[in-house]
Amino acid sequence: MNRLMYFGQCLVLAAFSFGCGQRIHFQELPLGLSHDTALISHTAVRENVVGVIKPVTLLFFGYTRCPDFCPMTLHKLQAAVGEDEKLKENLRLIFISVDPKHANPAELKNYLSAFPYARGYVPGEDELRAVEKAFGAFSKQERATISHSLYLYLLNSKGRVIHLIRSDAAVADLRKVMRQALEARPGA
């Protein structure tokens with residue numbers, strides 16, 4: 001079965017399991033980071049992305065010039081975290097820029113400065129395509145904007161996807177996923 005077909009089935013499963021009951025079933029999918037994925041971070045240093053994973057790690061593809069979905073998703077995540085100190089301590093947002101032609105570490109650092117749990121990455125064109133492929137994601141330049149995948153990918157400690165969250169999920173649902181992911185991690 002090809003990766004895109006499997007990804008489509010995973011989306012249906014994730015959407016189904018998200019609305020089916022109190023407990024969310026986290027299951028490792030064949031999507032995610034490889035153990036040696038290294039990208040330029042918002043601190044202008046190439047680093048192993050798996051090395052920054054925390055007990056609750058979400059990955060999002062976006063760009064700093066995005067007029068709508070990216071800022072909306074980041075602020076929704078901020079609202080979901082709220083004043084939950086335990087969640088703040090254990091949360092990592094990995095933000096991968098889908099704009100390799102315009103993005104740079106300083107701009108990404110400034111863009112993410114209101115989100116202390118965020119770590120941004122500025123991949124080159126080939127690196128971006130490889131990471132997108134690993135997640136079944138996409139991005140495409142369309143005039144002044146970029147169309148891109150709008151999911152938050154919940155990762156396990158190995159960088160593999162264990163749950164998909166639509167960017168239009170309600171704040172309460174996003175909080176529920178993060179809290180249950182935190183409770184499911186020993187030692188968190």
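**Core and central strand of a predicted model**

Trainee: Which residues have the most contacts inside the largest nonpolar core?

Mentor: That core has 58 residues. A nonpolar core here is a set of buried Ala, Val, Leu, Ile, Met, Phe, Trp, Tyr and Cys residues joined through side-chain atoms within 4.5 Å, with buried meaning under 20% relative accessible area (1.4 Å probe, protein chains only). This is a predicted model, where local features need pLDDT of at least 70, side-chain atom pairs count only at pLDDT 80 or more, and totals for chains, interfaces and linings use all residues. Residues are numbered from 1 along each chain as its sequence is written, side-chain values use heavy atoms, with hydrogens and water left out, and the residues you want are L58, F61, F135, Y153 and M178.

Trainee: OK, what does M178 touch, leaving aside neighbours within four places in sequence?

Mentor: Contact means heavy atoms within 4.5 Å. On that basis, M178 is in contact with V56, L58, L77, A80, V81, L87 and L91.

Trainee: Which strand pairs with β3 in the parallel sense?

Mentor: Pairing needs at least two DSSP bridges. β8 (residues 151-155) runs antiparallel to β3, with four bridges, and T57 stands opposite L155 there. The parallel pairing has seven bridges, V56 being partnered with L91, and the strand is β4.

Terms used. Buried < 20%, exposed > 50% of the residue type's maximum accessible area, 1.4 Å probe, protein only. Helix = DSSP H or I, 4+ residues; strand = E, 2+ residues; numbered from the N terminus.
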